[in-house]
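Have the sequence and the model open side by side. The walk below goes from strand pairing to the core, and then to the loops.

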Amino acid sequence: MRRRDWFRLSGLGGVAGLFAGGLATFGQSFSQPKVSPTRGLGPVAAPPAGPAATTSSPHAVHGLYAQAAEPPLHLGPDALAALDRPPRAGAGARQYELHVREGRVEVGQGAFVDTWTYGGTAPGPVIRATEGELLEITLVNDTGAAHSLHFHGAHDVGEDGWQPVNPGERRSYRILAGPAGLHPYHCHTPPFARHFARGMYGVMIVDPQGGRPPAHERVLSLCGWDLDGDGRNELYAWNGIAGYYHRFPLKVPAGERVRLYVTNLVEYDPVASFHLHAQTFDLYRTGTALIPHEHTDVVTLGQTERAIVEFTLPRPGRYMFHPHQIHMAERGAMGWITAL
Ligand SMILES: [Cu+2]
């Protein structure tokens, strides 16, 4: 399916048509699930589930913004807790064994991708350490293809991890965590874009000595999913599941500090962003400085670029967030933060 076909289909019935028709054209590499006309719909046919609906008229709210992707029906409100709630500062493990796995994952309702992952989820596990801690991270390749594990940030060049690890083999890397900040890790094996786009990435939080001030912390890693193998993304997803935070908002207390670790892990699109509605935030680019670079409501992120953003939501309510690349927001990356 070509991009303009998506736009042409994006009318009221078009999204269902896309999922039903689009998936059916994926050929041999994807299954062809039966998608009823009401499945996969966002704007009209599927009002938001209870947890997301805080107004008396969920249908009306739902129709007021573009949101064309729903999460898989079997996922509940805590399904992404292991990815969006980082380990406590100081409580991260120092040794990790990341098994590269392959498998078909439902990344949006009725939308399946043949993934390669670190440990079964895309993104992979959130690694957390304090600056200067020595981490031993072992890659175990359980797939039939070569893969690798490369960390951003500073480390010994001999531990850089770009070299392929063959099927059935393992390799350990000793990473001295640093500098303080937010650093992605990912596969670096050619064809690089394909490995990346199939889910081989994650993030590492490196806390400064002495830590950061107390806050309610969440991780938001933006992913893109190429459903038909044409080198373009059809779905976008915070923490891997399209539409998830539209259905299940992040929840934080009103009046208390919130810290988001935001990373752009989208392949095939040159740029993405994070935009928060109704409140501005302190922006720490890459998280490497302890003084904010800027106070804003949108941060633009190139591929693998990341930022720590901090804010307080002054009163209870639902605060929208999304990339300001609207096609991404409409196709799965629109979300809510509910202040309670
Ligand atoms: Cu790979």
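Two strands pair if DSSP finds at least two bridges between them. Helices (H or I, at least four residues) and strands (E, at least two) are themselves DSSP runs, numbered from the N terminus. This is a predicted model: local features need pLDDT of at least 70, side-chain atom pairs count only at pLDDT 80 or more, and totals for chains, interfaces and linings use all residues. Residues are numbered from 1 along each chain as its sequence is written.

Start with strand β7 (residues 181-186) and strand β8 (residues 201-207). They pair in the antiparallel sense over six bridges. Y185 stands opposite G202 in β8. Both strands belong to an open sheet of four, ordered β3-β8-β7-β5, with mixed pairing. Its edge strands, β3 (127-130) and β5 (150-151), each pair on one side only.

Now step back to the whole protein chain. It has seven helices and 19 strands. Of its 340 residues, 45% are buried. A residue is buried if 20 or more other C-beta atoms lie within 10 Å of its own, exposed if 12 or fewer, and partly exposed in between; C-beta atoms are placed from the backbone. Two residues are in contact if those C-beta atoms lie within 7 Å. Among contacts between residues at least 6 apart in sequence, 72% join residues at least 24 apart.

The largest nonpolar core has 83 residues. Such a core is a set of buried Ala, Val, Leu, Ile, Met, Phe, Trp, Tyr and Cys residues joined through C-beta atoms within 7 Å. V107, L222, L235, A237 and V309 have the most contacts inside the largest core. That core draws at least three residues from each of domain 2 (81-207) and domain 3 (216-339). The domain bounds come from an automatic or database domain assignment. Leaving aside residues up to four places away in sequence, L235 touches several residues, including V107, W225, R331 and G332.

Next, find F281 in strand β14 (residues 281-285). F281 is buried because 24 other C-beta atoms lie within 10 Å. Not counting residues up to four places away in sequence, F281 touches L276, T296, D297, V309, E310 and F311. F281 and E310 are 29 residues apart along the chain, yet their C-alpha atoms are separated by 5.3 Å. β14 pairs with β17 (residues 306-312) in the antiparallel sense over four bridges, and D282 stands opposite E310. β14 also pairs with β15 (residues 294-296), again antiparallel, over three bridges. There, L283 stands opposite E294.

Finish in the loops. A cis peptide bond joins A122 and P123, with omega about 5 degrees. P123 lies between β2 (111-118) and β3. Another cis bond joins G178 and P179, with omega about -10 degrees. P179 is in the loop between β6 (170-176) and β7.

Y268 lies between β12 (257-264) and β13. Y268 is partly exposed, with 15 other C-beta atoms within 10 Å. T304 sits between β16 (298-302) and β17. T304 is partly exposed too, with 18 other C-beta atoms within 10 Å.
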